[in-house]
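Try each task before you read its solution.

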Amino acid sequence: MVHDLSLTAQSDADSKEASNPPTRPDLSRMASLSLVAVPAAALLAGLVAYLLERLQVAHILWLAGTVPVLIVLAITILRGLMRGNVGLDIIAALAMAGAIWGDEALAGVIIALMFAGGQALEQFAQGRASSAMTALLSRVARSAQLYQGDRLQTVPIESLLPGDRILVRPGDVLPTDGLLIGPDATLDESALTGEAMPVRRLAGDALASGIVNAGAAFDLRVSRPARESTYAAILRLVEGARQSKAPMARMADRYAIGFLMLTLGLAGLAWWIWDSPHRALAVLVVATPCPLILAVPVALVAGMSRCAKRGVMVKTAGTLETLARIRTVLFDKTGTLTRGYPSIARIEPEPSVSVEQFLRMAGSVGQASHHVMSQALVEEARRRTIDLIPPDEVHESPGNGVEGFVEEARIRIGRLDFVEPDAGAEKTSSVPTGHAALHVSSNGHYVGRVLFKDELRPDAYSTLDAFRTSGIERIILLTGDRADIARPLATSLKLDDVIADATPQDKVAAVAAERRHAPTMMIGDGINDAPALASADVGTALGARGAVAASQAADVVVLVDRIERVAEALAIAHRTRRIALQSVLIGMGLSLVGMVSAALGYLDPVAGAFLQEAIDLAVVLNALRALRPALPATNRPA
């Protein structure tokens with residue numbers, strides 16, 4: 001199955017799609033429901049006419065319910081044959097056509113109803129993703145604050161031209177590439193570079209679209225149109241990766257040819273040996289592949305619903321099938337295996353200052369700042385039940401730090417050159433690799449620092465263990481972060497390999513290399529992960545805090561900020577596939593018994609149709625077991 005949502009080169013196109021979602025999927029679902037309604041209404045009306053002994057009317061009604069479905073099915077089969085696809089739909093078409101030709105209108109309308117029902121279930125499974133994706137796409141920047149003389153005007157980003165000057169407000173996503181006019185800016189570049197710590201950029205620096213303003217407002221001089229920006233280039237790379245990815249074979253497709261040949265062979269033998277087209281028709285009716293048409297979609301929709309209850313959106317039924325076959329997983333680092341934001345690694349006050357005194361000073365001033373490091377200080381002080389004091393005369397210098405008076409002492413927290421302008425180089429050079437430092441002074445005297453680090457998620461180890469238990473044979477760290485940060489992390493997690501300093505193109509190449517050996521899943525959350533997500537057999541995006549490009553490119557979107565839910569989705573996929581396979585084998589086995597009975601003359605077409613419906617009911621009830629809670633991820637799937 002293909003995705004309904006496609007990426008374009010312009011980020012504004014994404015926003016238009018969010019505000020005006022495409023109507024084609026809705027029309028398709030309406031057509032599917034109408035196709036079910038026609039044979040259903042005809043069957044019921046015909047039964048009423050039959051009970052009133054209006055046999056001719058019942059016959060006409062049943063034919064009227066069968067013919068539209070047969071026409072639609074014939075068109076679908078022809079289109080498939082033109083693409084080189086041969087499926088079980090041919091049996092359903094032959095059974096309906098044979099029922100009409102053999103004057104078995106009741107059998108025909110029953111087959112039509114069950115076939116149309118299976119198609120509607122498939123449409124429902126794929127349509128579930130559209131409404132959920134609308135909310136994700138609504139986060140894309142679709143306007144900018146453009147200076148026009150002395151005024152600011154909100155304009156669509158596609159109207160921005162090189163040389164335009166725009167205002168980037170706190171929390172805004174840069175809509176296009178440009179040069180920082182000033183003042184200095186504090187930016188969250190993790191979506192593009194994988195670096196979790198906020199980065200300070202100076203006036204004149206080139207800035208890329210897709211990064212987030214994590215500090216005060218600044219002005220940006222547009223250097224290129226939005227359609228030619230870094231973000232747009234990544235979206236084009238996503239689309240190219242998606243188009244080059246061949247879909248994996250579906251479960252029903254793998255059984256289609258063999259079952260088709262068996263059915264046609266039995267029907268032909270019945271006709272040839274007993275010279276009875278009636279028996280051949282009965283074989284086709286009993287063989288109508290409803291266990292495959294119904295059981296697989298029902299199980300997959302049930303599995304998708306189960307995933308949704310756990311905060312995991314699986315976009316298509318085919319994705320859930322593929323998820324159960326994954327053997328290699330590639331992880332991004334920042335925001336995926338790690339928290340994606342700095343947390344306190346170490347508190348280092350000067351010897352004359354206690355930790356409690358240090359946190360009281362720094363945390364009190366930190367209350368006045370929205371910076372992630374300041375908020376982490378406040379949370380740590382509260383966790384230790386340290387009473388904080390509202391600061392007076394607060395002043396924040398964006399990108400540098402914040403100062404205020406606490407019990408008549410002027411406290412400064414922030415960059416070293418802000419806290420202590422004359423500090424020696426040794427204090428700066430002593431910051432460990434992979435850490436960031438926030439310094440503190442009191443009345444101009446240095447009192448210590450806090451080291452921050454992007455820590456592992458608390459569920460990282462258990463998630464990786466669950467992956468190994470679920471049959472994942474190879475786990476790789478694939479990150480744009482530096483090798484000196486990535487390799488120790490990969491070693492501590494006992495990963496099979498690590499690829500660091502990776503660009504979006506490098507990530508696509510790494511995924512392609514792994515796909516040549518085994519079905520592969522890529523897990524990420526940033527804009528730079530989107531092309532790799534699109535090129536993997538299953539791309540999984542952490543959408544709770546991740547970039548829209550990643551969520552749109554992915555096949556699976558985790559809507560809660562917990563990576564362990566990916567392991568749960570894997571367990572659900574394994575269980576769902578096992579239940580679907582059970583339903584298929586049971587249904588096909590019972591159908592084979594019915595086909596032999598029909599060939600021997602023990603079943604006429606109408607009786608065969610009712611027998612087939614009993615088989616369908618059994619396999620559907622079994623398939624619905626996928627709605628129940630999945631087995632624990634620590635249990636190896638069968």
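**Exercise 1.** Work out whether Asp537 is buried or exposed, then find its salt-bridge partner.

*Solution.* Start with accessibility: Asp537 has a relative accessible area of 14%, so it's buried (under 20%; over 50% is exposed, in between is partly exposed; 1.4 Å probe, protein chains only). Next, the partner: Asp537 pairs with Arg515, with the closest N and O atoms 2.8 Å apart. That's a salt bridge, which takes a side-chain nitrogen of Lys or Arg within 4 Å of a carboxyl oxygen of Asp or Glu. Asp537 sits in the loop between α20 (530–535) and β21 (538–542) and Arg515 in helix α19 (residues 504–515), so the pair ties together parts 22 residues apart in sequence. Arg515 itself is partly exposed, at 26% relative accessibility.

A quick word on the source: this is a predicted model, where local features need pLDDT of at least 70 and side-chain atom pairs count only at pLDDT 80 or more, while totals for chains, interfaces and linings use all residues. Residues are numbered from 1 along each chain as its sequence is written, and side-chain values use heavy atoms, leaving out hydrogens and water.

**Exercise 2.** Find the side chain of opposite charge nearest to Asp459.

*Solution.* First locate Asp459: look in the loop between β17 (445–453) and α17 (460–469). Finally, list contacts (heavy atoms within 4.5 Å): beyond neighbours within four places in sequence, Asp459 touches Arg562, Ile563 and Glu564.

Terms used:
Helices (H or I, at least four residues) and strands (E, at least two) are DSSP runs, numbered from the N terminus. Lys and Arg count as positive and Asp and Glu as negative; His and the chain ends are not counted.
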